[in-house]
Every structure is written in structure tokens, then in C-alpha cells.
Amino acid sequence: MKVIAMPQKSVHAGNLILVNGQYPYCLGNVESSLVPVHSDSKVLLERRAAVLLSKLMSSIEGWVQISAVSGWRSRAEQQDIYNQSLRDNGAAFTEQFVAKPDHSEHQTGLAIDLGLRKPEIDFIRPDFPNSGICRTFREKAVDYGFVERYPKGKEAITGIAHEPWHFRYVGAPHAAIMTELGLTLEEYHDFLKQYPHGEKCFLYRNGNQNIATSYGKATAGADAEFEIEGDIPYSVSGNNAGGFVLTEWTNGR
Ligand SMILES: [Zn+2]
């Protein structure tokens, strides 16, 4: 057994952080880990998300037809986009499609808007149909840790209209679990609370890997401590909502 200690502030960091109307992004300082999504793009993502997106795009030759429309945004950029949309599109449209500053996933560097390449691409609502190369991208996305973040029918849960162009990196195995169970990130974090670390875990099987996922509560003003089996690979992400998600790869044991 080994004990891992998670400082309270690390609740706000990791692939699985929830950023929405209720939970603001409060980490900042993500700039040092940002890289362009491909060699001639100005669109930036957090390094790991960029690497996985790049592998996914290579596997389908995606950049030939798909353009990276918007990735990481600073708070100031999000504020500008929000203000501009209010002026151009009005309040009702803006509330549906543009998050307020600090409440946008784009500030995490883990979210990207993609659109079909064409002479004029709508920056707020790019065209990303469920056909052709875009469909192929959707089918492969989960294998590389990406989910469609704002699906149709879940508007009341996410607080955002259906956005078929907005993808979020959550990593493995979470993208696969969320997709198989049909859960948004909001619902996934609620779901995991049924599996308190040390008592129960959600077991997911991928090939010959057994992957155990569980939830751990943060401790106010102190490190939260979690026991992990000796030598197994594991990861921990904050949920940005008072807790952590622990993932342990037990390889068939
Ligand atoms: Zn977006």
C-alpha cells in the first residue's frame, strides 16, 4: 500500500475538471503547458490533449478537411468573445452558446472547437456535421480520450445548447465510460460519487486491463489522503467541485 496526498488546491487541476455555469475555472497559469494543435496552427491546447488530438487527426488524415477553430482562451479573450456576441447576437443567443468568463472550458486548454474547412467559418458555431470526416472523427474521438461535451438532449444539465463542434479531452478510460453510459461530465461526476474510494469502485474492462475508478472527497485546509495498491499505475484528477477521481489500472488482478 502507498498513500497519496492531494492538497486541497489540486481539486482544481486535472483532465476531469468540471467547468460550467456553476463551477468556475480557477487554476490559471496554464500557459506554460500549451502547445499548438498542429505545426501551422495558432490554436493552442494543453500539451497532453494536443498530443492525443494530433494522434487522432493523423489516424484519419483529419486536418485536410477539418480546421481547429478555437482551443485555449485566456480570460480576457473569453470576455471579448462574450461581449462581442452580446453586441452581435443578443443576450438569448449568447447565453446558449457562449460561456461567461471563468465559466468556459476553453480556459482549461482541454477543449477545442472544430469545423469543416471552408472559406468562411462561423467562429461561435462552426459546421461539424454528423457525416463524412466529421463523423469519422466522432467515432474515433473516444479512443483518444475526447468526448462531445454538449450533446443534444442534455442542455438542461450542461447549461449549454447542443454544440456538435465542441470536444473535450477527459482522457482514458473516462471518455469510453462516459460514452458507453451516455453521461455528460456533470453526470459522470455525480455517478462516481456512488463509488467512494476505499469502499467501492466502478470497474471498467478494456482488453486485458481492469480499470477501477472511484471518488475521493477533498479535505478542507489539509491534504486528502488516499491509499493505493503498491505498484499499479494510477492517476488522480480533481473534479473542480470538492473532490477527486482516482483511476487505478489493475491489469486483470
Ligand atoms: Zn467550444
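## Starting with helices

Helices here are DSSP runs of H or I with at least four residues, strands are runs of E with at least two, and both are numbered from the N terminus. With that in hand, look just after α6: Gly182 takes a positive phi of about 70° there.

Before going on, keep in mind that this is a predicted model, in which local features need pLDDT of at least 70 and side-chain atom pairs count only at pLDDT 80 or more, while totals for chains, interfaces and linings use all residues. Residues are numbered from 1 along each chain as its sequence is written, and side-chain values use heavy atoms, with hydrogens and water left out.

## How α6 meets α7

Helix α6 covers residues 174-181 and helix α7 covers residues 185-192. The two pack at an angle of about 95°, and their axes are 11 Å apart. (Axes are lines fitted to C-alpha atoms, for helices over the stretch in contact, and angles run from 0 to 180 degrees between N-to-C directions.) That makes α6 and α7 roughly perpendicular to each other, a label for angles of 65 to 115 degrees; under 35 counts as roughly parallel, over 145 as roughly antiparallel and the rest as oblique.

Which residues of α6 and α7 make the contact? From α6 come His174, Ile177, Met178 and Leu181, and from α7 come Leu185, Tyr188 and Phe191. Contact here means heavy atoms within 4.5 Å. Sorted by class, the contact of α6 with α7 has six nonpolar residues, one polar and no charged ones. (Ala, Val, Leu, Ile, Met, Phe, Trp, Tyr, Cys and Pro count as nonpolar, Asp, Glu, Lys and Arg as charged, and the others, Gly among them, as polar.)

## What is tucked away in these helices

Seven of the eight residues of α7 are buried, so this helix is largely enclosed by the rest of the structure. Buried means under 20% relative accessible area, exposed means over 50%, and partly exposed is in between (1.4 Å probe, protein chains only). The buried residues in α7 are Leu185, Glu186, Glu187, Tyr188, His189, Phe191 and Leu192. Take His189 as an example: its relative accessible area is 5%, and it touches Leu16, Leu18, Asn239 and Val245, not counting residues up to four places away in sequence.

Over in α6, His174, Ala175, Ala176, Ile177 and Met178 are buried. Their cover includes β6 (146-150), α7, β8 (202-206), β9 (209-217) and β12. In the loop between β7 (163-169) and α6 you'll find Pro173, which is joined to Ala172 by a cis peptide bond with omega of about 0°.

## Around Tyr25

Tyr25 sits in the loop between β1 (2-6) and β2 (34-36) and is buried, with a relative accessible area of 8%. Although 78 residues separate Tyr25 from His103 in sequence, their C-alpha atoms are 6.1 Å apart. Leaving aside neighbours within four places in sequence, Tyr25 is in contact with Ile17, Val19, Val30, Asp102, Gln107, Thr108 and Asn240.

Asp102, in the loop between α3 and β5 (111-116), has a positive phi of about 75° although it is not a glycine. Asn240, in the loop between β11 (234-238) and β12 (243-249), is also not a glycine and has a positive phi near 65°. Are they buried or partly exposed? Asp102 is partly exposed at 22% relative accessible area, whereas Asn240 is buried at 5%.
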